[in-house]
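Student: Could we go through this model together? I would like to begin with the strand pairing and then move to other regions.

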Amino acid sequence: MQNPPDGTEWTDGKVIVKHPVEFVNGKVVGKRGMTAKNRRIQARLVRYWGIYMDSSAQGGEVYVEVTCQTLKKGQIPDVSYINPELLAQVGEFSVLPQSFPLLAEIVSPRDFADDVFAKA
């Protein structure tokens with residue numbers, strides 16, 4: 001779980017593709033599931049959560065695409081927040097051994113509703 005193949009995550013013990021990487025002539029040209037608009041939304045969400053976290057003085061950390069482990073899944077949320085209490089409990093981590101207290105998935109019009117609901 002600490003070194004997932006790029007663009008994948010674990011569901012029910014299986015590696016599934018999260019954002020397949022697209023190659024043209026042997027070179028990576030992007031991830032089909034992550035458009036520039038998706039990335040812009042992700043960047044804004046990280047900024048807004050960070051600003052709120054700092055202005056409210058609640059502390060914690062905001063992460064981008066960090067693996068967390070649930071009962072049967074290893075998920076890689078697009079954006080996640082960990083509160084100071086949980087951060088003190090787990091310390092530095094490669095894979096959070098539970099779900100993040102707050103996370104966001106940026107859904108694309110190309111995402112299948114069943115896949116989005118299954119992740120929830």
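This is a predicted model: local features need pLDDT of at least 70, side-chain atom pairs count only at pLDDT 80 or more; totals for chains, interfaces and linings use all residues.

Student: How many bridges link strand 8 and strand 9, and in which sense do they pair?

Tutor: Three bridges connect strand 8 with strand 9 (residues 102-104), and the pairing is antiparallel.

Student: And what about strand 5, how does it run relative to strand 8?

Tutor: Strand 5 (residues 61-64) and strand 8 run antiparallel, and four bridges join them. Within that pairing, Val64 has Val79 of strand 8 as its bridge partner.

Student: Are the faces of strand 8 covered or open?

Tutor: Strand 8 (residues 79-82) is covered on both faces. Val79 and Tyr81 are buried on one side, and Ser80 and Ile82 are buried on the other. In a regular strand, side chains alternate between the two faces of the sheet.

Student: What is the overall order of elements in the chain?

Tutor: The protein chain has three helices and nine strands. Read from the N terminus, the order is β-β-β-β-α-β-β-β-β-α-β-α.

Student: What share of the chain is buried?

Tutor: Of the 120 residues in the protein chain, 32% are buried.

Student: Let us change topic to helix 1. Where does Gly50 sit, and is Gly50 buried or exposed?

Tutor: Gly50 belongs to helix 1. Gly50 counts as buried because its relative accessibility is 16%, and the cut-off for buried is under 20%.

Student: How far is Gly50 from Tyr81?

Tutor: The C-alpha atoms of Gly50 and Tyr81 are 9.1 Å apart in space, while the two residues are 31 residues apart in sequence.

Student: Which residues form the patch of positive charge on the surface?

Tutor: Lys37, Arg40, Arg44 and Arg47 gather in that surface patch. Of these, Lys37 is located in helix 1, which covers residues 36-55.

Student: Now backbone angles. What is the phi of Ala57?

Tutor: Ala57 has a phi near 60 degrees, a positive value in a residue that is not glycine. Most residues other than glycine have a negative phi. Ala57 is placed in the loop between helix 1 and strand 5, and its relative accessibility of 68% makes it exposed.

Student: And what is the phi of Glu65?

Tutor: Glu65 has a positive phi of about 50 degrees, although this residue is not a glycine either. Glu65 lies in the loop between strand 5 and strand 6 (68-69).

Student: Why is Glu65 classed as partly exposed?

Tutor: Glu65 is partly exposed because its relative accessible area is 30%, and that class lies between the buried limit of 20% and the exposed limit of 50%. Glu65 and Ser80 are 15 residues apart in sequence, and their C-alpha atoms are 7.7 Å apart in space.

Technical notes: Residues are numbered from 1 along each chain as its sequence is written. Side-chain values use heavy atoms; hydrogens and water are left out. Patches are made of residues with over 30% relative accessible area and no salt bridge: like charges are joined within 9 Å, nonpolar side chains (Val, Leu, Ile, Met, Phe, Trp, Tyr) within 5 Å. Accessible areas come from the Shrake-Rupley method with a 1.4 Å probe; for residues, only the protein chains shown count as cover. A salt bridge is a side-chain nitrogen of Lys or Arg within 4 Å of a carboxyl oxygen of Asp or Glu. Lys and Arg count as positive and Asp and Glu as negative; His and the chain ends are not counted. The place of a charge is taken as NZ of Lys, CZ of Arg, CG of Asp or CD of Glu. Helices (H or I, at least four residues) and strands (E, at least two) are DSSP runs, numbered from the N terminus. Buried means under 20% relative accessible area, exposed over 50%, partly exposed in between (1.4 Å probe, protein chains only). Two strands pair if DSSP finds at least two bridges between them.
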